[in-house]
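I kept them in the order in which I looked things up.

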Amino acid sequence: MTNKVLITGIAGLFGSNISRYLLMKNYIVIGVDNFSGGYRENIADGIILYDVDIKDYNLFNQIVKKEKPDYILHFAAYAAEGLSHYIRNHNYSNNLVATSNVINAAINYDVKKIIFTSSMAVYGEKYNPPFTEQMIPMPIDPYGIAKYASELDLLQAKEHFGLDYSIIRPHNVIGKYQNIWDKYRNVIGIWIRQMLDGQPLTIYGDGLQKRAFSDIYYYCEPIEKLLYDFGGEIYNLGSDYNITIKEAMNIFRKCALNFGYNTEVVFLEERREAKYAYSSQEKAKSMLGFNDNTDLEKIISEMIEWAIKQPKRTVKKMKYEIYKNIYSYWKEEL
Ligand SMILES: NC(=O)c1ccc[n+]([C@@H]2O[C@H](COP(=O)([O-])OP(=O)(O)OC[C@H]3O[C@@H](n4cnc5c(N)ncnc54)[C@H](O)[C@@H]3O)[C@@H](O)[C@H]2O)c1
């Protein structure tokens with residue numbers, strides 16, 4: 001029997017890539033997105049699409065009631081961790097309260113399982129990386145708090161109603177269909193947009209922050225496995241290969257040069273962010289057979305090739321709720 005999967009955030013990085021994989025494997029895919037962060041051009045043929053905001057409790061319930069999906073992949077969120085301090089209300093309503101709508105509908109209409117994309121942001125800065133799933137989360141920003149609260153809510157939905165779930169905590173995932181017009185997140189995406197717009201490439205602080213970037217391609221199989229097994233568990237997913245932002249910039253500039261772009265680099269005011277942030281994937285490796293073999297040069301080149309063909313778009317501007325202590329490079333919007 002063909003399985004029906006409902007994906008929230010279908011137009012984003014995860015939604016666009018995972019939906020293509022599932023369509024290829026003959027799943028029926030229902031997609032929901034309000035296009036606040038993803039684009040219609042990202043939607044694959046064959047998807048039953050609802051242009052709906054998941055914050056709308058009634059509309060989302062109606063979709064789940066009508067479509068009766070077997071599984072929900074809940075990817076929709078606004079994932080701007082650093083900015084979340086300045087948009088607390090939007091962050092909690094879009095990332096936490098909206099998640100409660102998804103969980104309610106899943107319970108009401110007997111969805112077999114929810115896969116929830118949490119984030120490495122839940123670990124905060126209390127621990128030294130690599131972060132492991134045994135560490136008790138201590139998030140340091142509203143984005144991480146919303147993700148952790150959603151995790152706890154899923155745990156209680158399972159205890160109380162038997163709704164099965166799997167939680168993944170990814171970090172620094174990149175690939176085609178990523179929003180490159182959002183200056184508040186995704187360093188590789190920001191550099192591609194700056195390069196195409198003829199602007200200098202920016203680095204926050206000294207560039208010695210360490211991150212591990214991973215190609216979304218390596219998430220497809222493990223996420224499909226999670227539909228059927230390994231419920232009630234949390235898995236870090238990411239690359240083991242961590243590098244400094246400066247090193248990532250060197251790789252990026254090499255790729256950019258191959259496309260004829262030789263763009264200068266400027267250093268901006270330091271951000272309040274974890275200097276070293278990456279996780280251990282041992283649990284996902286042993287349980288899910290997760291095997292991230294990201295080739296950064298290859299995936300950046302694929303992203304540039306894709307980005308060159310995209311329509312010209314304006315850079316996203318968010319309405320700030322708090323103006324205090326806002327970084328100089330975001331101040332221009334006051
Ligand atoms: N990409 C990463 O590195 C990363 C890392 C950790 C966690 N995550 C989490 O994974 C999930 C997917 O991330 P992504 O990179 O694909 O993000 P993305 O921004 O590319 O995609 C999110 C999609 O959700 C949609 N959306 C947002 N709010 C919505 C709402 N209220 N109603 C309907 N649609 C809405 C957006 O329009 C967008 O298409 C998110 O929950 C994110 O927090 C991503």
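Predicted model: local features only at pLDDT ≥ 70, side-chain atom pairs only at ≥ 80, totals over all residues.

Residues are numbered from 1 along each chain as its sequence is written.

**Helix α6.** I took helices (H or I, at least four residues) and strands (E, at least two) as DSSP runs, numbered from the N terminus. Helix α6 covers residues 220–228, and I listed P222, I223, E224, L226 and L227 as buried; a residue is buried if 20 or more other C-beta atoms, placed from the backbone, lie within 10 Å of its own. The buried residues of α6 pack against α1, β4 (71–74), β5, β6, β11 and α8 (282–288), where contact requires C-beta atoms, placed from the backbone, within 7 Å.

**The parallel sheet.** I next traced an open sheet of 7 strands with parallel pairing, in the order β3-β2-β1-β4-β5-β6-β11. Its edge strands, each pairing on one side only, are β3 (48–51) and β11, and the twist from one strand to the next averages 15 degrees. Two strands pair if DSSP finds at least two bridges between them. Strand β1 (residues 4–8) runs parallel to β4 and is joined to it by 4 bridges, with T8 opposite H74 in β4. I saw that α3 lies across β1, β4 and β5, at about 175 degrees to β4, while α4 packs on the sheet, touching β5 and β6, and its direction makes about 160 degrees with that of β6. For these angles, axes are lines fitted to C-alpha atoms, for helices over the stretch in contact, and the values run from 0 to 180 degrees between N-to-C directions.

Strand β6 is mostly covered, with 5 of its 7 residues buried. On one pairing, β5 (residues 113–117) and β6 are parallel over 5 bridges, and I114 has Y165 as its bridge partner in β6. β6 is also joined by 5 bridges to β11 (residues 233–237), again running parallel, and P170 has L237 as its partner in β11. Why do I call I167 buried? I call it so because 22 other C-beta atoms lie within 10 Å. I167 belongs to β6 (residues 164–170) and, leaving out residues up to four places away in sequence, touches F116, S118, E151, L154 and I234. I also noted that the C-alpha atoms of I167 and H74 are separated by 9.9 Å, although the two residues are 93 apart along the chain.

**The ligand shell.** I counted a residue as near if its C-beta atom, placed from the backbone, lies within 6 Å. The ligand is surrounded by 32 residues, of which G9, G12, G38, A77 and T117 are the closest. At least two shell residues come from each of α1 (13–24), β2 (28–33) and α3 (88–108), and α1 gives the most, with 3 residues.

Last, I looked up an open sheet of 3 strands with mixed pairing and the order β12-β9-β14. Strands β9 (residues 210–212) and β12 run antiparallel and are joined by 3 bridges, with K210 opposite T244 in β12.

Methods:
Buried ≥ 20, exposed ≤ 12 C-beta atoms within 10 Å, placed from the backbone. Contact = placed C-beta atoms within 7 Å.
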